[in-house]
Structures are given as C-alpha cells and as structure tokens.
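Let's take a friendly walk through this structure, starting with its aromatic rings and moving on to its surface and its annotated spans.

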Amino acid sequence: NQQWMFAPFFMVYIFMSFMFLLNLSVGVIVDNFMDLKQELSKNGGSALLTPAQQKWIKSSLRLFQRPVLFTLTNLHKLGSWRRSVYNVISSECFEATMTSIIVGNTVVMASKLYPAPTDWWEDMREGLDYVFSGIFTVEFALKFYALRRRYWSVSWNCFDFLCVATAIVGIVLNFAAPDMVIATTLTQLLRIFRIARLFRLLKSKRLNTIFMALVLSLPKLANVLMVLLLLLILYSILGVSLFSSVKHSEYLNNHGNFAHIGWAFITLFRGVTGEAWNSIMHDLLKGEKDFFEEGSWCAPDSLYDTSTPDKFRVLNDKCLIENPNSCVQTIGGWNFFPAAFWTTYILIIVLVVMNLVIAVILEGYNDGKGAPEDEIIEKCISTWRRYDSDQKMTLPLKEAMHFIYEVTSQWMKQQNQKEAKASTGNASDIITLMSDLSKIPMKSANALKLSLADDGRVDFIEATKQVLRFTAIDNDMSRLNEVMEDEIHPIIDKKEANRLKKLEIKRTKHLQVDRTMSSDLRLAVAAVKLQRYYRTHVVPNRARNWVIEEVR
C-alpha cells in the first residue's frame, strides 16, 4: 500500500501493452489480410485490363446483376386506380410511414410484462397487435394490387408476405379454436415469429449495411472457423494428454477441466472469450508444495499410471479415477507445461485466429456497404424516373443526353472532380449539339456508343452504360476508347464476355426494351452528315452542271 510509484508504472504498461501493442497486432493482421485479398483479386483478373476497364466490367456486372431496377414499367398502360396506388407505395413518405409503424409494433412487443401491471394491459397489447397486423395486411394488399406478379420479384416483399400470413393464421387459430392445445401451441409459435417483423427495419440503408456485413461474412467466416475448430481440437487433445488427471482446485473444477476432449473443448472455448484462462493456468502450475501449504495433497504424476489393467484397477479402488488427484507432470522438477500450453494457445488462437475473424468481418462490411457503382446506378434510377414518368424505359435522344449529363456531372461534383477537358470533348460539349445530329463532330460522336431505336429513342440500359463509362474513366474523354466493348471483349475471357452479353439481354427483356431494330448513334450521325453533305454540295453542283449543259 506504500509503493504508490508502481501505480503509474502499471498504468503505462497496460496502455502500451493492451491498448497499443495488441491493437497494433490487430491492424497488422487485418492489413496483411487485405493485401493478400487485393493480390488474389489482381491475379484472378486479366493482366491486360487497365484500371478503367476493370472498373467498367465491375460496373456492368453490378448493373446487370441487380435484382430489380424498376418494379413496374409502362405505367401509362395501367389503370388510373392502379397507377395511383403504385405512386403511393413507391413514395418515400409511404416507406417512412411503414417504418414508423414497425417501430411502434416493436415497442408494443417489447412492452410485455410479467406479471401484468393491470388487468387491461394484455388486452391492450393484443388489440394493438391486431391493429398492426391489419395495417401490414393492407400494405400487402396495396402492393400486390399495384405490382401483381412483380410483387414476388422483390425479396423483401416475399418476407413481408410471410410475416403477414403467419400473423393471419395465428389470429384465425386464436379465434377458431382457443381451447385446443394444438391450436394454442401453434398460436404461441406464430406469435414468436412476429418478432421477424423487426428485420424490416433493415431496409434502412445504415442498418442494411451492418446486416449485409454479417451476411456476407458468414460464408467467408466458415474457412476461418474451420481453422479455429481444428486448433481447438488439437489443443483439446493435448490438454487431455497433459492435464486429464490433475487435481482439481478453485478454478480447475467440475465446470472447467481436461477430463476428456468434450470438457477440454468447452474449457478452451471459455479461454477464447478471455474467461478465467489465467486462473486455470495458475491452478495447473501448483505443485506438491503449494497443495501442502493449502492443507491438501496431490499424488506424484509418476504414480498416476493407467497403462495396464492392474494399475488402473488399483487407482480405481482408491477412487482416483472418478476423483483424480495427480500433480502436473514436470521435467526435472520444473512445471512449465501449463504456462507453455496456455501462452501458445492465447497467442495463436486469441491474438491471431480471432483477429482473422475480425478481418473477415471488416471485409464483409466493406463489401456490404456497397460499391461506388451501386450509388451511381441508384442515382441513374432516381434521375430516370424524373425524365420518364411513365417508365417506358426509353427517352428521346436529346433528353437521354440531358440525363447522361446530369447524372455524370452530379457524380463528379460529389467526387470533388471537374470534368476533363480533353481534345475529344466531354459530355457538356456534346449536350449543346444534340438539337442537330449533323452538327456533332465525329470525334464527339465516337465518345457516345449508344444504340438508338427506330424512332431515335435511347433505352435506360444504354444511357446508364454511357454514364458508367464516363465515371469509369473519371470523365476523361481521352481514355474513353479503353472502355468500349470493341476494345474490352477481345481482351477478357470469352466466358466472361458471353456472361456479360447474356446478362444484358436478360436485363433488357425484364425491362421490356425492344432492341430488334436498333442502330448505332455513330452511324446515325455519319448518315446525317452524308445526307447533309449530299444536299449542300452534290445536289447544287449537279444542278449547276445541268444549267451549263442547257446553256450550251
């Protein structure tokens, strides 16, 4: 109590060792894990692809593999009531209202008390639960009326229907057969399932990011957990070999010991969580002298031999099999096995393997929070809805160019970048010329690989692909040729190229986009220029020649 100067010493030691060095080891392990992942990803891709081309391929896959882009298309073909309902369920106000109702339902479910504070408490909770179930049923009816079979294309809708169906079945059983044991049991089980409604809160972007980190980490954690399981089994076998017959003490007791591999596994798993592993190690470090000072004793490990039936019978007659009383095995009187066992165990499993688990979870978080390409696609979808209120999935060329320019410029401003002023022009230069195709320079036209329908309209996929091209090259038009399909497809693997093509065809069919009669914008510009040149140069020259011939 008088050595007060040791207090700052231990404070500095704890800060340096546990708060700095251990966290530094975590950082080193995570950093090496991420470097290894990047190296493997580079080796997995084509060495001939530039960073812009790799970004473009990744963006295309994100676009084509997206489960749902638009839940409904061609809204102008819907009836007035159905379209009105669709506008309601698609609004942000509707989603915010349903989120508030889910929070309220959560509060009601969390208000269960035992015993109930008043006689009407449970009746109130049950009545409110019926009200919430009715609201969720109305929500399902509205969405299904508006979306019809497209309702099932969204996974969250399928989950909502499951919650609604179980709630309705539970209510029906509660009223139809309240006295039947089976019905009561099923009702209780279905009420438990109502807790699943809380998962609907994961529709929130922030909560969904954390949840997706968990989901994406589970398959990757399997490999790390297999390594952890293997090491736990190895150390369990080693612990049984060394400490199975050791005399129990304060912490090495019936709830934590090495009597067999099962208890050894449980004891070591406790050690992973940091619970009492050092206390168990200190109990194992006790020798004959330590037990004698405590008023007890332990048999020398050389006498605790069960290698033959006779020796086993002798120990069993003395009740030393069910109640082991051996000292820990020593080498030359030096009891170092417990310290070596637990020190290596903590270093390998707790500080290395468990930090690998953290690294995998961080990787899952990075994957779950969404790539920049997802944000661009989301921005394209929201912007397209303003340009195409009927969701026909096509726009006139001029409006499509305005759409491309708006999304690209917003993204560049968000990234704190300015549009590159290259010799080939940029989106802002091209947009000013869209009123007349003949005025577009061919160099600028080459920057836009757009497919046009017969009526000169551009579909959503083509416009979004052009936005992704601009963002892949950071709007530097001098690098635009890198991300053209004609440049990429000969470089990448044929299977990957065919996969991209099939995914694009599938996505266009889902959006009901007709590409049977389409032309390239570059060809359309070239054709208009040839026609204009013919009208302004060839035709007047021919007319002048005819006049000269008539004069002659």
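How many aromatic pairs does the count come to? In this predicted model, the count comes to 24 aromatic pairs. One of them joins Phe 144 and Trp 152, whose rings sit 6.0 Å apart, centre to centre, with 65 degrees between the planes. That pair is edge-to-face, because an angle over 60 degrees counts as such. Phe 144 is partly exposed, at 32% relative accessibility, and Trp 152 is partly exposed too, with a relative accessible area of 38%.

Another pair to look at is Trp 342 with Tyr 345, which is also edge-to-face. Here are the two pairs side by side.

| Aromatic pair | Centre to centre | Angle between planes |
|---|---|---|
| Phe 144 and Trp 152 | 6.0 Å | 65 degrees |
| Trp 342 and Tyr 345 | 5.7 Å | 85 degrees |

Where do Trp 342 and Tyr 345 lie? Both belong to helix 13, which covers residues 337-368, and they are three residues apart, about one turn of the helix. Trp 342 and Tyr 345 are both buried. They are also members of one aromatic cluster, together with Tyr 235, Phe 243, Phe 258, Trp 277 and Phe 341.

Met 226, Leu 229, Ile 233, Ile 237 and Ile 261 make a nonpolar surface patch of about 430 Å². Helix 8 (residues 205-243) gives the largest share of this patch, with four residues. Leu 229 is in helix 8, and its relative accessibility of 37% means that Leu 229 counts as partly exposed.

The UniProt record, an unreviewed entry, carries the annotation "transmembrane region" for residues 6-30, 85-110, 130-147, 154-175, 221-243 and 339-362. How do two of these spans look in the model? Residues 221-243 are 100% helix and 0% strand, with the end C-alpha atoms 31 Å apart. For residues 85-110, the figures are 92% helix and 0% strand, and 33 Å lies between the end C-alpha atoms.

Is Asp 283 buried or exposed? Asp 283 is buried, because its relative accessible area is 5% and the cut-off for buried is under 20%. Asp 283 is found in helix 10, residues 277-284. A polar atom of the Asp 283 side chain lies 2.7 Å from the backbone nitrogen of Tyr 251.

Note on methods
Residues numbered from 1 in each chain as written. Predicted model: local features only at pLDDT ≥ 70, side-chain atom pairs only at ≥ 80, totals over all residues. Heavy atoms only, no water. Phe/Tyr/Trp six-rings, centres within 6.5 Å; stacked < 30°, edge-to-face > 60°. Buried < 20%, exposed > 50% of the residue type's maximum accessible area, 1.4 Å probe, protein only. Helix = DSSP H or I, 4+ residues; strand = E, 2+ residues; numbered from the N terminus. Patch = residues over 30% accessible without salt bridge, like charges linked within 9 Å, V, L, I, M, F, W, Y side chains within 5 Å. Areas by Shrake-Rupley, 256 points an atom, 1.4 Å probe, with all protein chains shown as cover. Salt bridge = Lys/Arg side-chain N within 4 Å of Asp/Glu carboxyl O. UniProt positions renumbered as here; feature names shortened; annotations may be inferred. Polar contact = N/O pair within 3.5 Å; in protein donor to acceptor, adjacent residues only side chain to side chain.
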